[in-house]
Amino acid sequence: MRSPDNNEMHKANSRGKRKPSENAPHPQPLSDGREAEADWDDEIQLNQILERLPNAPLSSNFTSRVMSQVRNEALARSRNPWRANWNSFVDSFRSREWTQRFALSAAVVLAAFVCFIQYQASGRKEVAQSVVAVSSVADLPSLDVLVNFDAIKRLPKKSGEVDVELLAALK
Amino acid sequence: MSTNQDPDAALMLRVKEGDVSAFEDLVEKYKQPVVNLLYRTLPDATEAEDLAQHVFLQVFKSAHRYRVSAKFSTWLYTIARNLCLNEIRRRSRHPADSLDAVNPENEDQPIRQYEDTKNPLAPDLVLQDELARKIEEALSELPENQRTAIMLFREDEMSYEEIARILKCSLSATKSLIHRGRETLKQKLKPYLRSGTWREIKRS
């Protein structure tokens, strides 16, 4: 194992260039040798420590509990595959990282927004088409018909009674 | 990656076809490594076990999506890590009083207590127990990605490439994580490593 100083020297050598500080003579070559040896020893010790790390406590019925859940899941899937697939989708969504979940949610929101815009546009198009259809069938009356419009509008409304005097005057 | 190279992948393909007994073999093989990995990230053994149970159930539910593109263990540990990170996020959003929280009355006590099934008076065993606590403490103080990388490296002797896949980072970043994690551990455990106590305990 190299000491930090030796590492720097090695990097500098592999770059092919040395900084002025790296060109300076090594201050304590002998002590560095001992240090490197001690580092190497530490590495070996650490490997052994990690290898000998005690296992986490685990209950003896762990496998049977997992398998019981798994069998229930398999049974539920065979009974109701749609529901099982939906649950599986939800679980897989939850197990994803937040970036993936965010991307997926954003895609769903975007798709919903596009659908809404499309729906609105198609609604407006339908209204415009119906207006065009009506306007072509029912032409507006000519302006001559509306000459006495205001006078007729001001006339008193008497439902059911015939204004004989007016009829006579009109004749 | 073929099923000849990875017998676990062959088992998983059987699970995909509905063979539940093949899944039992996988659970039996990987339960301890998965719980070990989760236990070093979550503070509680029971919670680690519950989460491990959830990991295996998730693996079973996702069996239909399994493709033999990498070793089965890589896929398994990826799911385990994702669920573990989700759990940590959930806890940070909904913090609850932890049983491991330091009590002012006994703050000099270690975070984790180990059941002492051996003679507590034997000095070597006391020292070994203390060492074990120090190692666990040093590991728990590492950043999550460094700890996971080191545990995976130790647990299954995984290659750097496989660990990089699980951690979703580059090969060089993975090597750097392991190196930095080991350096931190060495610094924290240096008094024990250099005093020779570890070697003496191993011999006895």
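In chain B, B:Arg81 and B:Glu144 form a salt bridge in which the closest N and O atoms are 2.9 Å apart; a salt bridge here is a side-chain nitrogen of Lys or Arg within 4 Å of a carboxyl oxygen of Asp or Glu. B:Arg81 lies in helix α4 (residues 72-93) of chain B and B:Glu144 in helix α6 (residues 144-155) of chain B, so the pair ties together parts that are 63 residues apart in sequence. The model is predicted: local features need pLDDT of at least 70 and side-chain atom pairs count only at pLDDT 80 or more, while totals for chains, interfaces and linings use all residues. Residues are numbered from 1 along each chain as its sequence is written, chains are lettered from A in the order in which they are written, and side-chain values use heavy atoms, with hydrogens and water left out.

**Chain B**

- The secondary structure of chain B comprises 9 helices and 0 strands, where helices (H or I, at least four residues) and strands (E, at least two) are DSSP runs numbered from the N terminus.
- Of the 204 residues in chain B, 45% are buried; buried means under 20% relative accessible area, exposed over 50%, and partly exposed in between, with a 1.4 Å probe and protein chains only.
- Among contacts in chain B with a separation of 6 or more, 64% join residues 24 or more positions apart, a contact being heavy atoms within 4.5 Å.

**Salt bridges within chain B**

- Over all chains, the structure holds 15 salt bridges.
- B:Arg81 is buried at 9% relative accessibility, and B:Glu144 is buried at 19%.
- A further salt bridge joins B:Arg90 and B:Glu87 (2.8 Å, N to O); both residues lie in helix α4 of chain B, 3 residues apart, about one turn of the helix.
- B:Arg90 is partly exposed at 39% relative accessible area, whereas B:Glu87 is buried at 18%.

**Interface of chains A and B**

- Contacts link 42 residues of chain A with 47 residues of chain B.
- The buried area between the two chains is about 4500 Å², of which carbon and sulfur atoms give 55%; buried area is the accessible area (1.4 Å probe) that two parts lose on being put together, summed over both.
- On the side of chain A, A:Ile49, A:Leu53 and A:Phe62 lose the most area to chain B, together 13% of what that side buries.
- The rule finds 4 salt bridges across this interface.
- One salt bridge pairs A:Glu43 with B:Lys186 (2.7 Å, N to O), and salt bridges that share partners join A:Glu43, B:Arg182, B:Glu183 and B:Lys186 into one network.
- Another pairs B:Glu24 with A:Arg71 (3.6 Å, N to O), crossing from helix α2 of chain B to helix α4 of chain A.
- Both partners are partly exposed, B:Glu24 at 30% relative accessibility and A:Arg71 at 44%.

**Nonpolar core**

- The largest nonpolar core has 59 residues, of which B:Phe23, B:Val34, B:Val55 and B:Phe56 touch the most other members; such a core is a set of buried Ala, Val, Leu, Ile, Met, Phe, Trp, Tyr and Cys residues joined through side-chain atoms within 4.5 Å.
- Helix α2 (residues 20-39) of chain B gives the largest share of this core, 11 residues.
- Not counting residues up to four places away in sequence, B:Phe56 touches residues including A:Phe62, A:Val66, B:Phe23 and B:Val34.
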